[in-house]
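Please examine the sequence and the three-dimensional structure shown below.

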Amino acid sequence: MSRLLLVTGASAGIGAAVARLAPSQGWERVVVHYGRDREGAEAVAGDIRAEGAEALVMQADVADMSAIAGLFARISELPSGPLDLVNNAGIVSPGGPIAERTPEVVRRVFEVNVFGAFEVARLAVAYMRAHEGGGIVNISSAAARLGSAGMYIDYAASKGAIDTMTLGLADELAAEGIRVNAVRPGLIETAIHAKGNDPDRLARIGHTPPLGRPGAASEVAEGVLWLLSDKASYVTRTILDVTGGR
Ligand code: NAD
């Protein structure tokens with residue numbers, strides 16, 4: 001059976017770009033996961049089908065552990081085969097200094113970006129062990145090594161956790177042939193900045209990377225799918241910066 005690609009948070013931004021690129025890179029079946037934006041997910045699925053691949057639209061709040069279990073229950077009903085995971089769903093909190101990083105704000109960021117990503121990875125590994133293996137790419141952020149002072153240290157720390165999870169999981173799964181890598185996007189043109197109450201962020205600092213411009217979601221997608229592909233067969237435990245040099 002052909003490889004199945006699960007992209008979490010695929011209704012918009014980087015996740016949507018990965019899902020849309022997948023058919024041209026050899027994936028014949030894509031699970032377009034979304035949280036709230038069913039319309040966006042259906043549009044992505046329509047584009048995948050137009051490429052001749054199968055698209056399955058599935059909803060789950062990744063901050064809700066039982067919803068993630070439900071997602072994998074639905075995936076388990078599909079014809080079985082290897083599973084590749086792009087652990088992408090994520091949020092930023094509205095920017096501000098440490099005084100504004102209240103327990104509620106920090107908890108929400110960690111619930112989605114860390115607890116959700118961990119549980120998705122845990123259930124994906126269980127699926128891979130039962131169905132001919134697969135690979136994982138976690139979506140981190142350049143914030144993990146920059147720290148995001150004055151903006152969202154909580155978000156940066158959540159992505160630091162994703163980097164560390166990537167290293168440990170890669171070590172744990174290497175003997176089983178499951179490669180685990182991460183991509184750290186830099187300043188990428190998506191709606192995440194507006195969702196973090198900073199819609200002008202890229203207009204303000206998008207020129208600051210050495211390449212002199214923000215990146216496109218499609219440029220991140222290329223790196224993600226390369227890491228999952230057989231072309232990267234000797235690459236694991238690697239964190240790829242797609243940041244224009246930032
Ligand atoms: P986006 O807001 O366009 O997409 C985020 C996706 O995650 C959406 O599809 C959203 O529905 C989904 N999501 C959020 N919370 C969810 C939840 N509770 N349950 C299910 N799905 C949920 O943003 P994006 O820029 O495409 O971000 C994608 C990933 O890339 C995130 O992990 C983000 O942290 C990371 N990233 C983005 C940038 C950037 O500049 N855009 C930079 C570094 C890292």
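A residue is called buried when its relative accessible area is under 20%, and exposed when that value is over 50%. The model considered here is predicted. Asn-113 has a relative accessibility of 1% and therefore counts as buried.

Asn-113 belongs to helix α4, which spans residues 103-130. Apart from neighbours within four places in sequence, Asn-113 is in contact with Gly-90, Ile-91, Tyr-155, Ser-158, Lys-159 and Ile-162. For two of these partners, polar atoms can be named. A polar atom of the Asn-113 side chain lies 2.9 Å from the backbone nitrogen of Ile-91. The side chains of Asn-113 and Ser-158 form a polar contact at 3.2 Å.

Attention now turns to the ligand, which sits in the largest pocket. Around the ligand there are 29 residues, of which Ile-14, Asn-88, Tyr-155, Thr-190 and Lys-195 come nearest. Helices α1 (13-21), α4, α6 (153-173) and α7 (192-195) each contribute at least two residues to the shell around the ligand. The largest share, three residues, is supplied by α7.

On its own, the ligand has 820 Å² of accessible area, and the protein covers 93% of it.

How values were computed: Residues numbered from 1 in each chain as written. Predicted model: local features only at pLDDT ≥ 70, side-chain atom pairs only at ≥ 80, totals over all residues. Heavy atoms only, no water. Helix = DSSP H or I, 4+ residues; strand = E, 2+ residues; numbered from the N terminus. Buried < 20%, exposed > 50% of the residue type's maximum accessible area, 1.4 Å probe, protein only. Polar contact = N/O pair within 3.5 Å; in protein donor to acceptor, adjacent residues only side chain to side chain. Contact = heavy atoms within 4.5 Å. Near = heavy atom within 4 Å. Areas by Shrake-Rupley, 256 points an atom, 1.4 Å probe, with all protein chains shown as cover. 1 Å grid on protein atoms, 1.4 Å probe; cavity = no way out; pocket = protein on both sides within 12 Å on 5 of 7 lines; lining within 4 Å. Sits in = over half its atoms within 2 Å of the grid points.
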